[in-house]
Amino acid sequence: MKINVQEIEPYEADGVVYHADTCLPLIDAYKRKKLKFKALARHTYPGDRLDENTVGLNSIGYWDANEPQDWGLDWHRNEGIEFHFLESGSMPYSQENREVLLTPNHLTITRPWEAHKVGNPHIGMGKFYWVIIDLGVRRPHQEWVWPDWITLTDSDLSRLTKILRHNEKSILKTDQRVRDCFKRINLAINTDENGSNASRIRLLINYLLILILDLLNTENIVLNESLTDSSRSVQYFLKELDKNLAENWTIEQMSQSAGVGLTRFTHHCKRLTNLTPMRYLTMRRLEMSKKILKEKNNLTVSEIAYMCGFATSQYFSTVFKKHEKCSPNEYRRLHSIDEALSAYS
């Protein structure tokens, strides 16, 4: 099959860039003939191209690994809701702060932009499916918009959406009906030629959603609306901030990037970190500078200051000395001495 990847612009909001996963380790493993792989996809996802009849479905596929593997999908995010299903074997899997070993008939649910990884560090031997549906969501508190070919009744779709958004139970043990549904998905993917199975795939995904709704209705699900309020968006923004500390942030830009108002952003940031937004930003920049000072002896203090988002090296030195009780150069020298003493002990 062709690994046909079409580039698409990542989602960006005032300096924070969200990249949907491109599954590069999977592509590499497939090229090295480490496993069987088949997918239909659009955008940056690998696989044969989906057509306009399934707009909103971004990726559907499986891999089948029947020998020990030397790769994994490290922490990543997807722009849509993602369902994983393990037909056979075992699979190390992590989602947010939970690590589990999936066994046959386990189904996982990953909300838009929720961090997860497959493998610890390597994937297990097994047959593993996925379905990724774009809901037009870039922040947790935004409303979900399902593709128009999802044909559940308004009440069923509303109930499914509410349960999926308002609970943190992300791993379900399924039944034979779900297993059979994924086997049919397997057949539809394998026999598709230029969108010839679009109707069948749409039907199977609708059926899968009905089965998931049945499962969720029978589970002891505790709904928690705080999972979709604006604090969740601020929490996601703060997690991504470390990757963008060099940006010239203002509090207004930070609140805009998180997608909430200035007052609510300040409130949530204080509650989550016990610091005001700008104070939190300064603390993260200082932590980054300390790490670079210890690891990059070839960089000057000025270079480190700019890398960490400080406007001038003088301001950086002033702030650093206030918090660490020594200058950046003194901090670097003291760390070098500590390292030398440790080597002798």
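This is a predicted model: local features need pLDDT of at least 70, side-chain atom pairs count only at pLDDT 80 or more; totals for chains, interfaces and linings use all residues.
**Strand E5 and its pairing partners**

Strand E5 joins strand E12 (residues 126-133) through 8 bridges, the two running antiparallel.

**Burial**

- Of the 9 residues of strand E5 (residues 57-65), 8 are buried, under 20% relative accessible area being the criterion, so E5 is largely enclosed by the rest of the structure.
- Strand E3 (residues 36-41) is likewise mostly covered, with 5 of its 6 residues buried.

**E5 with E12**

- Within the antiparallel pairing of E5 and E12, which comprises 8 bridges, Ala 65 has Gly 126 of E12 as its bridge partner.

**E5 with E3**

- E5 also pairs with E3 in the antiparallel sense, and 6 bridges connect these two strands.
- Phe 37 finds its bridge partner in Trp 63 of E5, while Ala 39 is bridged to Gly 61, a residue that also belongs to E5.

**E3 with E4**

- E3 has a further pairing with strand E4 (residues 48-49), which is in the parallel sense and rests on 2 bridges.
- In this parallel pairing, the bridge partner of Ala 41 is Arg 49 of E4.
- E3 therefore takes part in an antiparallel pairing with E5 and a parallel pairing with E4, two strands pairing if DSSP finds at least two bridges between them.

Technical notes. Residues are numbered from 1 along each chain as its sequence is written. Side-chain values use heavy atoms; hydrogens and water are left out. Buried means under 20% relative accessible area, exposed over 50%, partly exposed in between (1.4 Å probe, protein chains only). Helices (H or I, at least four residues) and strands (E, at least two) are DSSP runs, numbered from the N terminus.
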